[in-house]
Amino acid sequence: MRTWLGRRRAWIAAAGAAIVVALALGALASWHFASFVVVPDHSPWSEGVDIEGLSPGRIELKRAEGTERPGYYGLVWQGGHAIVGPILGDDTDTVTRRLTGVRGYLEPGTQAGLDSNVYAGDPREARGLPYRSIAVPDPLRAMPAWQIPGAGHTWAIVVHGINDDREVGLRVAPALHQAGMPQLLTSYRDDLGAPSSPDGHHHMGETEWRDLAAAIRYAIHHGADRVVLVGYSMGGALIAQLMERSPLSNRVAALVLDAPALNWKAILEFNAERMGLPGSLALPVEWAIDTRIDPDWNSLNALAHPEDFHLPILLFHGEEDKVVPIATSEAFAEELPDWVTFYPVPKAGHTQSWNVAPKLYEQRLELFLKEGFSGPRRSQAR
């Protein structure tokens, strides 16, 4: 009896130790994954590609999900940049694509990555647009921005995603310029060259929206009657927070959203499941985020306050997005059918709706801007 009891106690102790270790490992993993959301990281993270061959105007890339995707992408490497264009041919192992705008030395085997932003540099260098660099007055200190002139009194303010930069707006800058809209391509706290958050953390839009409010105030002070907010990924979260929290929301005429982060809990669950883990694993990650920044999860779900979005909204979302689930945009469009014009985009990854079909994207944007921003939009796209 004593031997059995001793073994049982030993088994219980071992099991308890295993549980403690598992919980500790789980806590460490949760803390690690939470860091992707709350810790600023500006290290290069473009999708790596293998360069197999080069010839004038052509590049041969190893076949992969990213290299097979249609459209236009930046190619970045140490000290260089180019634009990878449409597919010209392929075989079992490689994809041949158009190559233009090569800056720097490039050869087969160069370590390079594909960049959804496509263009590098300032608006004049990258897109031939006049601009000036400005400093937007902000409660934290001045935020750097690019101002592109236009004749109209409705300004476009472009807000990039987490750990990204102002270059995200260079894709649509010519279309907005053609529409006569002055533009601000903005920065916010924790960007490179911008002030840091007091605690050094991203807050998923809950504090960063104040920097967007500062950009709106700048636009109004410099002649804007109203603004159109253009948001990518977490830029959509900043916009959603501003619409909920700021009296400046009454100066917002319309929204253009591309793969917006409209529901952070859904995003965490989606990414857990995509890694082959149960969606419930998102709960300890939420705990780790709670511990560090104490967010209001209800506020960070745009569907919890749909009344703040009674204005024209143009919404794009790639059907192959592996960062922000397209289901969140679908639910948003269904909740606000009189206000949202929604375009799910086949073959597009995260914030790549422009990349896979630039002309179509710009046509839809141009139509949206021409239709004006008064009253509900009854005609919806699905």
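Two residues are in contact here if they have heavy atoms within 4.5 Å of each other. With that in mind, the predicted model can be looked at as a whole. Take the contacts between residues at least 6 apart in sequence: 74% of them join residues at least 24 apart. The protein has 382 residues, and 53% of them count as buried. Its accessible surface comes to about 17600 Å², with 54% of that belonging to carbon and sulfur atoms.

Now for the inside. In soluble globular proteins, nonpolar side chains tend to be buried together. In this model, the largest nonpolar core has 62 residues, and the members that touch the most others are L229, L255, W264, I289, F309 and F332. Helix α5, covering residues 209-221, gives the most to this core, with eight residues. A second core sits apart from that one; it has 49 residues, including W77, L106, L176 and L365. Setting aside neighbours within four places in sequence, W264 is in contact with V37, M204, M234, A237, W297 and L300.

Strand β10 (residues 154-159) comes next. Six of its six residues are buried, so β10 is largely enclosed by the rest of the structure. Both faces are covered: T154, A156 and V158 are buried on one side, and W155, I157 and V159 are buried on the other. What does β10 pair with? One partner is strand β12 (residues 226-232), joined to β10 in the parallel sense over six bridges. Within this pairing, I157 stands opposite L229 of β12, and L229 is also one of the residues that touch the most other members of the largest core. Another partner is strand β11 (residues 183-185), again parallel, over three bridges. Here V158 has L185 of β11 as its bridge partner. Together with helix α4 (residues 173-178), β10 and β11 make a right-handed β-α-β unit.

Finally, there is a histidine in a loop. H350 lies between β15 (340-345) and α10 (353-356). Is H350 buried or exposed? Its relative accessible area is 18%, and the cut-off for buried is under 20%, so H350 counts as buried. The side chain of H350 makes a polar contact of 2.8 Å with the side chain of D321. Leaving out neighbours within four places in sequence, H350 is in contact with S116, S233, A259, D321, V323 and V324.

How values were computed. Residues numbered from 1 in each chain as written. Predicted model: local features only at pLDDT ≥ 70, side-chain atom pairs only at ≥ 80, totals over all residues. Heavy atoms only, no water. Core = buried A, V, L, I, M, F, W, Y, C linked by side-chain atoms within 4.5 Å. Buried < 20%, exposed > 50% of the residue type's maximum accessible area, 1.4 Å probe, protein only. Helix = DSSP H or I, 4+ residues; strand = E, 2+ residues; numbered from the N terminus. Pairing = 2+ DSSP bridges. Right-handed = clockwise from strand over helix to strand, strands pointing away. Areas by Shrake-Rupley, 256 points an atom, 1.4 Å probe, with all protein chains shown as cover. Polar contact = N/O pair within 3.5 Å; in protein donor to acceptor, adjacent residues only side chain to side chain.
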